[in-house]
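Hi everyone, thanks for making time for this.

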Amino acid sequence: MTDISTDQLDKDAQDATNSAQMSKALKVGFLIGTPITFMVFFAMMFFGAHLSLGQALVTSIWVAIVGGGFYGGVAGLLTVLNKHPH
């Protein structure tokens with residue numbers, strides 16, 4: 001094999017490792033971010049805004065579905081990128 005082929009194989013292996021780490025971090029971030037977002041927003045809506053239980057649940061579930069994955073995904077993404085600066 002030439003040096004170019006070996007370098008490309010090394011890059012491909014490193015990219016595969018980084019992709020696996022990124023995938024795991026995004027999944028974990030999503031699984032952690034969604035319930036935490038729900039709990040925080042439920043507490044804010046129910047105790048802070050004094051909404052009824054139903055209104056607080058609906059609002060918190062909606063925010064957790066939309067925002068929880070985003071917040072957890074960004075946290076996972078930043079964690080992996082901090083380990084492997086580009």
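Let me start with a definition: a residue is called buried if its relative accessible area is under 20%, exposed if that value is over 50%, and partly exposed in between. Keep in mind as well that this is a predicted model.

Phe 47 has a relative accessibility of 56%, and because exposed means over 50%, Phe 47 counts as exposed. Phe 46, in contrast, comes out at 27%, so Phe 46 is partly exposed.

Now the overall picture. The protein chain has 2 helices and 0 strands. Helix H1 covers residues 3-48, and helix H2 covers residues 53-83. How does the radius of gyration of the protein chain stand against a compact globule of 86 residues? The globule would come out near 12 Å, while the protein chain has 20 Å. The box around the C-alpha atoms, taken along the principal axes, is roughly 70 × 15 × 10 Å. Of the 86 residues, 22% are buried. As for the surface, the protein chain exposes about 6,300 Å², with carbon and sulfur atoms supplying 72% of that.

On to contacts. If we take those between residues at least 6 apart in sequence, 60% of them join residues at least 24 apart.

Ser 60 sits in H2. Is Ser 60 buried or exposed? Its relative accessible area is 0%, so Ser 60 is buried. Leaving out residues up to four places away in sequence, Ser 60 touches Phe 38, Phe 41, Phe 42 and Met 45.

Thr 37 is the example from H1. With a relative accessibility of 7%, Thr 37 is also under the 20% cut-off and therefore buried. Which residues does Thr 37 contact, beyond its neighbours within four places in sequence? Those are Val 63, Ala 64, Gly 68 and Tyr 71.

Let's turn to the rings. There are 4 aromatic pairs in the structure. One of them joins Phe 46 and Phe 47, with 5.1 Å from centre to centre and 80° between the planes, an edge-to-face arrangement. Phe 70 and Tyr 71 make a pair too: their ring centres are 5.8 Å apart and the planes meet at 65°, so this pair is edge-to-face as well. Phe 70 is exposed at 54% relative accessibility, while Tyr 71, at 45%, is partly exposed. Ring pairs also link Phe 38, Phe 42, Phe 46 and Phe 47 into a cluster.

Next, the loop between H1 and H2, where we find His 50. Most residues other than glycine have a negative phi. His 50 has a positive phi, near 55°. At 65% relative accessibility, His 50 is exposed.

Last, the charges. How many positive and negative side chains does the protein chain have? There are 4 positive and 5 negative ones, and the centres of the two sets lie 18 Å apart.

Definitions and conventions
Residues are numbered from 1 along each chain as its sequence is written. Side-chain values use heavy atoms; hydrogens and water are left out. Helices (H or I, at least four residues) and strands (E, at least two) are DSSP runs, numbered from the N terminus. Buried means under 20% relative accessible area, exposed over 50%, partly exposed in between (1.4 Å probe, protein chains only). Contact means heavy atoms within 4.5 Å. Rings of Phe, Tyr and Trp (its six-membered ring) pair if their centres lie within 6.5 Å; planes under 30 degrees apart count as stacked, over 60 as edge-to-face and the rest as tilted. The radius of gyration is taken over C-alpha atoms; the globule rule is 2.2 Å times the number of residues to the power 0.38. Accessible areas come from the Shrake-Rupley method with a 1.4 Å probe; for residues, only the protein chains shown count as cover. Lys and Arg count as positive and Asp and Glu as negative; His and the chain ends are not counted. The place of a charge is taken as NZ of Lys, CZ of Arg, CG of Asp or CD of Glu.
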